[in-house]
Amino acid sequence: MWHRGRPEGHARSWRTPLPAPSSRAESAGAARRAVRVTVAAVVGFYPAVHLLDQPVFALYTLFVPVAFGLLSPLPGPGRRRAGTVLRALPAAAALITLGTYLAAATWAAALGMLFVGFVLVTGASIGPRATGVVPALQLCYILACFPPYAPGTLGDRLAGLAVGATLTILCEWLLLPEPERPSYRGRVAGALELAERAVHDLLRGGADGRETAERLRTAGRELRFSRTAAGCRPTGAGAKDRALAQAGYATRRFLDLLAALAPLLRAPADLPSATLLRGLATACADTAAALRGTRPPPGPEGVEEMIAQYAAVRGVPPGLREDPHALLRRQSTLLAAAVSAVTVSAAVALATGPRRPMPGLPLEQFWYAGASTPRLWRVRIADHLTPRSVVFQNAVRTASGLALARLVAGSLDLSHGFWVLLGMLTLGRTTAGATWSAVRSAAVGTLIGSLAAGALLISAGDMTAVYAALLVPMMLVAFSVGPVGGPAWGQGLFTLVVSTAFAQIAPVTWELAEARIVDVLTGSAIGLVCGVLAWPAGARGEMRRSAAALFRATAPLIRLTVERAATGHSAPGTRADAATALRRTMRYWRTAHASYAQLRTEPPPRHAADGGPDWLAGLNHGSRVLVGTYWLPWSQGTAWPSDAASWAREATDEVVSATLRAARFPADGVTVRLAPLPPGVLTRLPAPSVSHLVDVEVWLHALASDLTAAVGPGSSVEGGFW
């Protein structure tokens with residue numbers, strides 16, 4: 001990813017909203033989910049209420065399917081969602097037990113809510129399955145921790161959990177399964193197969209370079225997580241998910257580099273480059289087959305060998321008619337593409353096969369290969385145990401809001417006080433503005449729904465059969481329309497559902513609707529207060545701070561990498577002098593990625609100007625620095641002559657200075673002026689060293705391009721770089 005080109009997502013990529021599915025597809029998915037949740041809920045609820053007369057048992061058989069099937073965004077196909085619910089059962093039982101005993105005192109229940117909320121939100125960072133079940137687990141504690149304090153009903157509560165969860169598992173597995181979505185493995189495999197075809201077409205001279213480049217860039221963009229369904233993203237902390245995510249990142253770099261080369265390749269290409277390109281095409285085909293499960297993973301050794309051979313023979317051939325500098329830069333870009341192919345092969349081997357060491361590859365790049373899953377979980381959580389992490393901020397905001405809501409509901413002795421916490425949990429957002437928008441809509445919807453529920457309760461009175469007949473159609477409508485209609489529809493229709501359900505559990509009056517209004521508004525107010533007091537800007541401010549920290553951390557790595565290259569003592573395995581800076585940069589890069597992922601889910605500020613920072617370009621800068629530190633130079637060479645070494649140090653000083661300026665995000669942008677190589681230096685250096693010098697030149701220019709793209713408009717890169 002070293003060519004100078006527009007980083008993916010440029011043109012204010014952070015403001016681009018996530019691609020939403022079509023309204024028809026979204027509505028169909030909500031309807032299928034509504035049927036599954038309704039069936040799971042009423043199959044246990046009706047017998048418990050009308051045959052067994054067990055109100056506590058009935059409440060939990062109704063509540064658990066709604067919590068796991070509707071309020072929790074469980075990822076993946078039906079079988080995977082069923083497995084997620086099954087794995088969450090022990091934790092749900094423990095939280096119901098804890099809540100049951102802490103309900104003895106308001107202060108104990110509130111402290112328990114503070115602890116449970118923080119642990120669950122922080123622990124959710126280990127992967128999408130954990131993230132999906134967190135709302136349901138929080139609700140298990142919330143329902144159990146409210147009065148009456150009745151430890152004697154714990155058996156009924158756990159029995160309701162078991163029945164409700166079992167029905168949820170069966171419905172998720174068997175009833176109206178969701179259509180299969182392409183897996184991330186399949187998407188990466190398809191991108192590699194496209195790269196193989198593109199390379200062969202270019203070498204034969206039968207393809208238009210610009211059209212091929214556009215197809216390759218488009219395929220790379222399709223590998224972004226924002227273009228991938230939530231249940232298909234490899235975002236877990238385990239080694240398999242980390243490896244598959246790394247394979248996706250490296251494949252995108254590989255495609256971008258091939259896209260940069262495509263318009264410049266002319267058939268026939270120089271012999272070493274043509275040989276390497278054919279080898280890369282074969283490696284792409286083999287790796288894609290491994291991802292599709294039709295052959296064992298080939299591993300990175302073959303591509304490593306091709307890289308070593310290419311690094312030894314590349315250079316300017318005798319009798320060359322074109323500009324030798326242009327050829328050397330093109331070879332450097334091809335070599336960078338080959339390095340990305342090594343990363344893809346190694347990551348796919350880890351993602352699809354047994355764990356094994358990766359000798360000869362940068363240890364820091366595949367640090368997770370030999371780590372146990374519990375250790376990888378600890379590393380992921382430890383990354384976010386800092387006030388500068390959006391995960392930590394969300395955990396503090398959510399836990400403190402829930403604890404305050406529990407304290408208020410208990411102190412004021414609000415009827416059905418768990419609705420206070422439910423309102424706070426479902427309406428809270430990561431920014432104060434988004435929370436206020438949700439609260440306004442929810443207040444209107446709750447008011448209308450409560451008026452309708454009050455009219456129903458007054459007219460039907462104690463006729464339980466009426467409520468029993470209305471529950472199923474109301475659930476189907478509410479669970480189909482609410483998720484796609486917004487907070488107003490969701491809160492209004494859910495008010496009707498809980499009113500018809502509670503009217504069957506115990507005698508109620510129109511005052512139930514009044515209690516619903518009071519509870520939801522109280523929870524909304526608490527959520528709004530927490531949203532204003534605790535990081536009200538959401539990820540925007542943290543994105544700026546984490547990007548600045550990432551820029552500052554990369555500066556010493558840039559200097560170390562070029563200094564080692566200039567002295568000729570810098571084989572890829574000797575990075576001990578950069579170990580500390582590498583660890584800091586990797587930590588800030590992960591933190592910045594988490595901030596960016598949340599930022600993509602938040603609405604942009606209304607007052608934002610069109611020329612704000614391009615955060616994705618900033619992340620690309622950090623990734624490019626890490627790749628250069630891992631792999632530059634390609635082989636140990638001789639020290640450069642004084643004029644070349646002097647140029648390298650001056651160019652490095654300019655890039656490092658620009659990096660530190662970019663960390664302040666100046667309003668007028670960052671201008672990077674890189675002088676051209678000294679005259680005649682390319683003819684005085686031996687073949688390996690001259691290519692090595694051009695590798696560094698290409699890398700520095702690419703870093704300069706990233707910086708100017710990241711900081712905003714009004715910047716330019718100067719220095720005659722292709």
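D53 sits in the loop between α1 (23–51) and α2 (55–69), in a predicted model. D53 has a positive phi of about 55° even though it isn't a glycine. At 59% relative accessibility, D53 counts as exposed (exposed is over 50% relative accessible area, buried is under 20%, and partly exposed is in between, with a 1.4 Å probe and protein chains only).

Residues are numbered from 1 along each chain as its sequence is written. Because the model is predicted, local features need pLDDT of at least 70 and side-chain atom pairs count only at pLDDT 80 or more, while totals for chains, interfaces and linings use all residues; side-chain values use heavy atoms, leaving out hydrogens and water.

**Overall build**

- The protein chain has 25 helices and 2 strands (DSSP runs numbered from the N terminus: H or I of at least four residues for helices, E of at least two for strands).
- A compact globule of 722 residues would have a radius of gyration near 27 Å, and the protein chain, at 29 Å, agrees with that (taken over C-alpha atoms; the globule rule is 2.2 Å times the number of residues to the power 0.38).
- Along its principal axes, the C-alpha trace of the protein chain spans about 100 × 50 × 40 Å.
- Of the 722 residues in the protein chain, 56% are buried.
- Take the contacts between residues at least 6 apart in sequence: 82% of them join residues at least 24 apart (contact means heavy atoms within 4.5 Å).

**Surface and charge**

- The accessible surface of the protein chain comes to about 28,800 Å², and 63% of that belongs to carbon and sulfur atoms (Shrake-Rupley method with a 1.4 Å probe; for residues, only the protein chains shown count as cover).
- The protein chain carries 68 positive and 45 negative charges, and their mean positions are 1 Å apart (Lys and Arg count as positive, Asp and Glu as negative, with His and the chain ends not counted; the places used are NZ of Lys, CZ of Arg, CG of Asp or CD of Glu).

**Helices and their residues**

- Helix α16 (residues 432–460) has 29 residues and should span 42 Å at 1.5 Å a residue; its end C-alpha atoms are 40 Å apart, which agrees (the expected span is 1.5 Å times one less than the number of residues).
- Just after α16, G461 takes a positive phi of about 60°.
- Q138 lies in helix α5 (residues 128–144) and is buried, with a relative accessible area of 2%.
- Leaving aside neighbours within four places in sequence, Q138 is in contact with G117, L120, V121, T398, L402 and L425.
- G186 belongs to helix α7 (residues 184–204) and is partly exposed, at a relative accessible area of 22%.
- G186 and R292 are 106 residues apart along the chain, yet their C-alpha atoms are separated by 6.5 Å.

- As background, most residues other than glycine have a negative phi, and most peptide bonds are trans.
- W535 has a positive phi, near 50°, and is not a glycine.
- W535 is placed in the loop between α19 (511–533) and α20 (539–567), and at 26% relative accessibility W535 counts as partly exposed.
- P147 and P148 are joined by a cis peptide bond, with omega about 10°; P148 lies in the loop between α5 and α6 (154–174).
- T601 is in the loop between α21 (579–599) and α22 (615–631), and is exposed, with a relative accessible area of 54%.
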